[in-house]
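Me: I want to learn how to read salt bridges in a model. Can you walk me through them?

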Amino acid sequence: MNIHLAGNVGIISREIRFNKFFTRRLLSFYEVFQKLFASDLSFRYITTKNMKEQATRKVELFLDSGAYSAWSQGKEINIQDYIQFIKDHQDVIDVYANLDVIGDPQGTWNNQMIMEKAGLSPLPVYHFGEDIKWLKRILGRGYPYIGLGGMVPISTTDLTKWLDDLFGNYLTDPDGMPLVKVHGFGLTSLRLMLRYPWWSVDSTSWVLTGRMGSIFIPRFRNGNWIYDEDSWKIIVSNRSPQSKEAGKHITTMTKLEKEILLKYIHEKGYALGVSEYKWVDQSYELAENERWADKKPTDKKAQREVEIIVEAGVSNKYQLRDEMNILYFIDLEKSMPAWPWA
């Protein structure tokens with residue numbers, strides 16, 4: 001199974017910094033590349049540099065339209081802009097999805113036809129809650145690779161029922177072997193990843209988990225890291241409000257648990273990190289290894305706490321948490337059975 005890491009990192013220079021870690025990346029036309037059509041030439045340059053660098057490193061780039069994000073913000077994506085962008089960057093984009101029309105499967109199908117008439121081969125997508133006739137139409141045209149979408153807000157229980165029906169009755173043969181390659185959009189549940197013979201999936205968990213102060217760590221048994229079971233999601237940030245709650249933060253784990261967690265962190269070449277703190281006036285100028293530990297107080301005379309990073313690590317650098325989570329998903333992908341599997 002191919003795991004594409006999704007999510008807008010936020011700062012394009014940071015995206016380029018992560019290129020040495022990425023192997024597969026899903027990017028949103030709406031969230032990131034729509035800005036290429038604006039007048040910001042520096043943004044256009046650095047984003048193009050980013051795409052070319054990832055292509056040079058043979059990072060597989062999967063382009064999603066970002067229609068759901070646009071729809072949730074009351075915006076629309078112009079299909080001709082989307083088509084033109086794909087044509088301009090076909091040399092670096094490996095897969096690109098159809099432009100969805102949220103809540104309108106007929107409109108989504110119409111866009112599939114428009115893009116195909118423009119000479120493109122977009123990935124057709126069938127969504128949770130749509131009439132099964134739309135999946136039958138996709139399969140009837142013989143597409144070798146399709147997508148399943150609309151799963152992000154749905155519970156794992158409801159998704160299991162839906163996916164059991166799709167894979168059991170339409171997407172696999174009587175022996176359970178896949179009939180087509182299937183991509184799962186926004187699939188974050190390891191249980192669902194392992195239950196069905198996906199060709200590929202994408203997930204934003206690597207970046208969202210890191211920004212929430214946590215890292216993924218596989219289970220450990222008999223001297224081996226176990227990837228085919230739900231992982232630990234351990235809070236490591238020293239800014240976490242749960243840092244004092246027993247069993248939730250790495251510092252409140254049992255001695256044995258902490259030894260295992262630190263073993264994984266160190267094996268990956270990272271440190272937990274060490275910070276010290278001091279109180280200063282608000283006029284204080286931060287040194288290179290310092291940052292504010294709290295929000296600026298409303299009382300101008302009140303002092304403000306500074307965090308001094310003595311040793312950089314996952315407890316005090318979210319960038320390092322991001323990197324560790326990327327490595328976790330790369331290792332998870334390597335542990336998966338080779339496709340096709342029943």
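**Salt bridges**

Reply: The structure holds twelve salt bridges. A salt bridge here is a side-chain nitrogen of Lys or Arg within 4 Å of a carboxyl oxygen of Asp or Glu. Side chains of opposite charge can pair when their charged atoms come close. This is a predicted model, in which local features need pLDDT of at least 70, side-chain atom pairs count only at pLDDT 80 or more, and totals for chains, interfaces and linings use all residues. Residues are numbered from 1 along each chain as its sequence is written, and side-chain values use heavy atoms, with hydrogens and water left out.

Me: Which residue forms a salt bridge with D322?

Reply: R211 does, with the closest N and O atoms 2.6 Å apart. The pair links distant parts of the chain, 111 residues apart: D322 sits in helix α11 (residues 318-335) and R211 in helix α9 (residues 205-211). Helices (H or I, at least four residues) and strands (E, at least two) are DSSP runs, numbered from the N terminus.

Me: Is D322 buried or exposed?

Reply: Buried, at a relative accessible area of 0%. R211 is partly exposed, at 31%. Buried means under 20% relative accessible area, exposed over 50%, and partly exposed in between (1.4 Å probe, protein chains only).

Me: Which residues are linked in a network of salt bridges?

Reply: R24, E60 and E333. Within it, E60 and R24 meet at 3.3 Å, N to O. E60 lies in strand β3 (residues 60-64) and R24 in strand β2 (residues 24-28), 36 residues apart. R24 counts as buried at 14% relative accessibility, while E60 is partly exposed at 30%.
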